[in-house]
Amino acid sequence: MGKWAIPSTLLLLLLLSTIPYQDRVLQANAEESSGSDELADLPKVEEKIGAVPGGLSTDSDVVKRESESMSKRGLRSDAEKFEFQAEVSRLMDIIINSLYSNKDIFLRELISNASDALDKIRFLSLTDKEILGEGDNTKLEIQIKLDKENKILSIRDRGIGMTKEDLIKNLGTIAKSGTSAFVEKMQSGGDLNLIGQFGVGFYSVYLVADYVEVISKHNDDKQYVWESKADGSFAISEDSWNEPLGRGTEIRLHLREEAQEYLEEAKLKELVKKYSEFINFPIHLWATKEIDVEVPADENESTEDETPTETAEDEEKEETEDEDSEKKPKTTKMKQIIHEWELLNDVKAIWLRNPKEVTDEEYSKFYHSLAKDFGDEKPMAWSHFTAEGDVEFKAVLFVPPKAPHDLYESYYNSQKANLKLYVRRVFISEEFDELLPKYLNFLRGLVDSDSLPLNVSREMLQQHSSLKTIKKKLIRKALDMIRRLADEDPDEAAADSSKAEKDVDKNDEKKGQYTKFWNEFGKSIKLGIIEDATNRNRLAKLLRFESTKSEGKLTSLDQYISRMKAGQKDIFYITGTSKEQLEKSPFLERLKKRNYEVIFFTDPVDEYLMQYLMDYEDKKFQNVSKEGLTLGKDAKAKEVKDSFKELTKWWKEALAAENVDSVKISNRLSSSPCVVVTGKYGWSANMERIMQSQTLSDANRQAYMKGKRVLEINPRHPIVKELRERVAKDPEDVGAKQAAQLMYQTALMESGFMLSDPQDFAAKVYSSVRTSLSISPDATVEDDNAEEVEAEEAATPEPEADLKDEL
């Protein structure tokens, strides 16, 4: 329901209330006018029309009286007073048609009210055991019964019941919330006499019923019947015709024609399982079952199928059967319809128990029931806790054993959540996207709070301020649970080998669990780093990746830092499509040679991740394919730069058409002649490829974000040295320019960029091959047009021959 539903309802009530008031005020004024001679003799405006040139005039006494009336700011003493009247029938119509968007919840409301009534009598019985009575009255339960013939649905509880005064007060007062009033009384130290009363939720019965009976018996009063058709009136009478309840309340709903589906047992079972599965008290349904029973066989049965001839063995067998039949009468199985009470809520609310008393098997069973997961695998981890403070709640969170196949396909468009919200064990909704952020929507579980209001606003809890507090605590507990999953994994153990061996022996079942978690849900952790700035550092600790030193296993940022070289200030990483491709990248040549560790990021989301993860534990991240890479001081760096100054200047001019920002001496190359890097704040080659593959990408924005490209050359490579010598001799050497351009395009492709003109690159490669094979530049491709012309002429008949054939 929208957030304006309640304000608009109040406005409508105000307007409805003022209508009769205005009518009566007009009537009162009219009576006063007819009874006053002075008012009757006053001149009318119509009589003065035309008397004053230029417009109408108003009697001066009328103006005086109006000004006096406005200055009083109060009611006239001689006016007749009336009370504002609220049209109850109209208000009921608003509640029924506007307050609830889903008519299924009527059963939830009634079971919730019944549970409240049972809670009240159970609480009172702690100090007065005799209050429960004897026999069936001591059974604190809820019973649901169907009468398909008369189209009646009944819900009965053995709770506190209601007196005649309670029926008038609770069911005759619209918008009275017994539950919220009870909570207020509890907080102020008052008594508990408000629990079990019916709130606005009761009126949801008129979503499905056009006539309702409420039969109730309180220990302090007789049994009464409240009945109403939601037409603005109700009736109460002493019950002398129904079966005595003993104690409690029975609600009978005479269902509308369009609500006959609620006479089906399967439908009611579904609703109870969905909304009221964890109510403290047993919920029974008077169910119909078909069973096989044995009845005496009919001795006069036809025996047409019997064979007329009998062997000696058959005779002996028949004699044996006759002897058995004398001892045991013959019977046959028949189908029989029976009725019995069926328990609908057999799953216990384990979150109400002490976590130390719940076994792993019970948690696993509860997870499968909650998630409707019928597999055999146990959840990877779970967290069972109670939060106290401003908002109190209990919660159980689970990490599923596998990720759903569509977890990330519609990540930003899906509103689906896997966390169920309960208020006092009554299911409210599983569509609260405010309880957990999207990146944790793979978690399963529930939250049960006694602090949230269970009243008219139960479908508007999305706007409740307490949800922010609950969300904050849930995120912290969820991340702690995932962190604990990593800490308990022997593969994630610290470098201490002796400790690792002990952990393997102790937690053999948990070995490899975090690797499994990361393979299933690792993308969610990365999305969390992007989306959740508050918990970014906590999430970064959960990050896993492969690197040049991880030996094919996953490693963490903490482990990376522990292996950093002395004096290393940056965390080095590189992005690409696969680990195999990155291992051969020219960007890593010098880093590997100097024993630096480099992280491999191969997931497309990693490019976005590193735009938000700027540092970790005071260490900056450095993309080794971008400008700004520093590997310590080189004493000869300035000398080398000066010696290649002319070549770098010439090379930049040779690449004027390629939009190259500059040509520099590289400190990252070892065996490759050159490489192309991007600006520090521009897109990497991998990011460019990702963006170009987007269907709705903006070419103008791409041109801006591509940034500058820098060609870095290896001053120790023989090709680069040869170019320097040739350029020094002849700066206009055509071969040198072609080689420089070809090297740039090759480096561009090797660095992961896409060529803007593949045909030009291919032509340069073929030209280079021609030269290497000593093929003359004047050699041309043979023309096969002559052969085709000769073949066509041979296939074409002569004109004279065609003419003779036609004749």
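A crossing of two helices is left-handed if the near helix is turned anticlockwise from the far one by less than a right angle, and right-handed if clockwise. That term is needed at the second stop of this tour.

The model is predicted: local features need pLDDT of at least 70 and side-chain atom pairs count only at pLDDT 80 or more, whereas totals for chains, interfaces and linings use all residues. Residues are numbered from 1 along each chain as its sequence is written, and side-chain values use heavy atoms, with hydrogens and water left out.

**Whole chain**

Of its 807 residues, 42% count as buried, where buried means under 20% relative accessible area, exposed over 50% and partly exposed in between (1.4 Å probe, protein chains only). Among contacts (heavy atoms within 4.5 Å) between residues at least 6 apart in sequence, 73% join residues at least 24 apart.

**Helices α13 and α18**

Select residues 513-531 (α13) and 604-612 (α18): the two helices pack at an angle of about 35 degrees, with their axes 8 Å apart. Axes are lines fitted to C-alpha atoms, for helices over the stretch in contact, and angles run from 0 to 180 degrees between N-to-C directions. The crossing of α13 past α18 is left-handed. Show the side chains of Lys523, Lys526, Leu527, Ile529 and Ile530 on α13, and of Val605, Asp606, Tyr608, Leu609 and Tyr612 on α18, which make the contact. By class, this contact has 7 nonpolar, no polar and 3 charged residues (Ala, Val, Leu, Ile, Met, Phe, Trp, Tyr, Cys and Pro count as nonpolar, Asp, Glu, Lys and Arg as charged, and the others, Gly among them, as polar).

**The five-stranded sheet**

Next, select the open sheet of 5 strands, ordered β9-β10-β13-β11-β12 with mixed pairing; two strands pair if DSSP finds at least two bridges between them. At the edges stand β9 (381-387) and β12 (426-429), each with a single partner strand, so one side of each has no neighbour in the sheet. On average, neighbouring strands are turned by 20 degrees against each other, direction ignored. Strand β11 (residues 419-423) runs antiparallel to β12 and is joined to it by 3 bridges; Val423 has Val426 of β12 as its bridge partner.

**An aromatic cluster**

Which residues form one aromatic cluster with Trp351? Select Phe366, Tyr367, Phe398 and Tyr422 together with Trp351. Rings of Phe, Tyr and Trp (its six-membered ring) pair if their centres lie within 6.5 Å; planes under 30 degrees apart count as stacked, over 60 as edge-to-face and the rest as tilted. The structure holds 17 aromatic pairs. Among them, Trp351 and Tyr422 are tilted, at 5.6 Å centre to centre and 45 degrees between the planes. Trp351 lies in the loop between β8 (331-343) and α10, and Tyr422 in β11, so the pair ties together parts 71 residues apart in sequence. Trp351 is buried, at 0% relative accessibility, and Tyr422 is buried with a relative accessible area of 0%.

Finally, select β20 (residues 674-678), where 5 of 5 residues are buried. Cys674, Val676 and Thr678 cover one side and Val675 and Val677 the other, all of them buried. In a regular strand the side chains alternate between the two faces of the sheet. Strand β21 (residues 709-713) is antiparallel to β20, with 5 bridges joining them; Glu712 is the bridge partner of Val675. In helix α21 (residues 685-692), 6 of the 8 residues are buried, so the helix is largely enclosed by the rest of the structure.

Methods. Helix = DSSP H or I, 4+ residues; strand = E, 2+ residues; numbered from the N terminus.
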